[in-house]
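Subject: Structure for you to look at

Hi,

Here is the structure I promised to pass on. My notes on it follow below, with the cut-offs spelled out as they come up.

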Amino acid sequence: MIQTMLRNIRPRLPVLDLRTAQPAPKTADRELLTGVHRAWREAVLQRAGHRCEWMEHGVRCERSEPAYRLFADHVVERRDGGSALDVSNGQCLCAVHHGLKTFRERSRRMARLT
Ligand SMILES: [Zn+2]
């Protein structure tokens, strides 16, 4: 009797998850915490003059330290086989452009999976 009642109050529309690929769980990346990685990051930022290196229509982004937080980004991401500690595989990006690049890479990666 009670089971029949519970069955009848189940939602009529099931929750449908349309995502085709679940993002990997976020975990702390040990490599990013090492001294050699910090040295790589500083070398990338220094080479860039502590200014974002993003180019848009031939114009370089103006954001620089200390007004803006900067990221040392891997041009070819490590998961795509890019070197983790080669300065030539690094570029200095502001938060906006680092986020944009990460979004584009993720979109490209997910497109490959379909
Ligand atoms: Zn920028």
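To start with the rings: a search of the whole structure finds zero aromatic pairs, where Phe, Tyr and Trp rings (for Trp, its six-membered ring) would pair with centres within 6.5 Å, counted as stacked with planes under 30 degrees apart, edge-to-face over 60 and tilted for the rest. There is a charge over a ring, though: R63 lies over the face of Y68, at 5.6 Å from the ring centre (the rule wants NZ of Lys or CZ of Arg within 6 Å of the centre and within 35 degrees of the ring normal).

Before you go further, please note that this is a predicted model, in which local features need pLDDT of at least 70 and side-chain atom pairs pLDDT 80 or more, while totals for chains, interfaces and linings use all residues. Residues are numbered from 1 along each chain as its sequence is written, and side-chain values use heavy atoms, without hydrogens and water.

The protein has three helices and four strands, in the order α-α-β-β-β-β-α from the N terminus (DSSP runs: H or I of at least four residues for helices, E of at least two for strands). Of its 114 residues, 23% are buried (under 20% relative accessible area; exposed is over 50%, partly exposed in between, with a 1.4 Å probe and protein chains only).

Which residues form the largest nonpolar core? There are 12: W40, V44, L45, A48, C52, W54, C61, L70, A72, C92, L93 and C94. Helix α2 (35-47) and strands β3 and β4 each give two or more residues to this core. Such a core is a set of buried Ala, Val, Leu, Ile, Met, Phe, Trp, Tyr and Cys residues joined through side-chain atoms within 4.5 Å. Leaving out neighbours up to four places away, C94 is in contact (heavy atoms within 4.5 Å) with C52, C61, R63, R69, L70 and F71.

- R60 sits in strand β2 (residues 59-60) and is partly exposed because its relative accessible area is 26%. Its side chain has a polar atom 2.8 Å from the backbone oxygen of A48.
- E77 is in the loop between β3 (70-74) and β4 (90-94), and counts as buried because its relative accessibility is 16%. Beyond four places in sequence, E77 touches G82, K101, E105 and R109.

Happy browsing!

Technical notes:
Polar contact = N/O pair within 3.5 Å; in protein donor to acceptor, adjacent residues only side chain to side chain.
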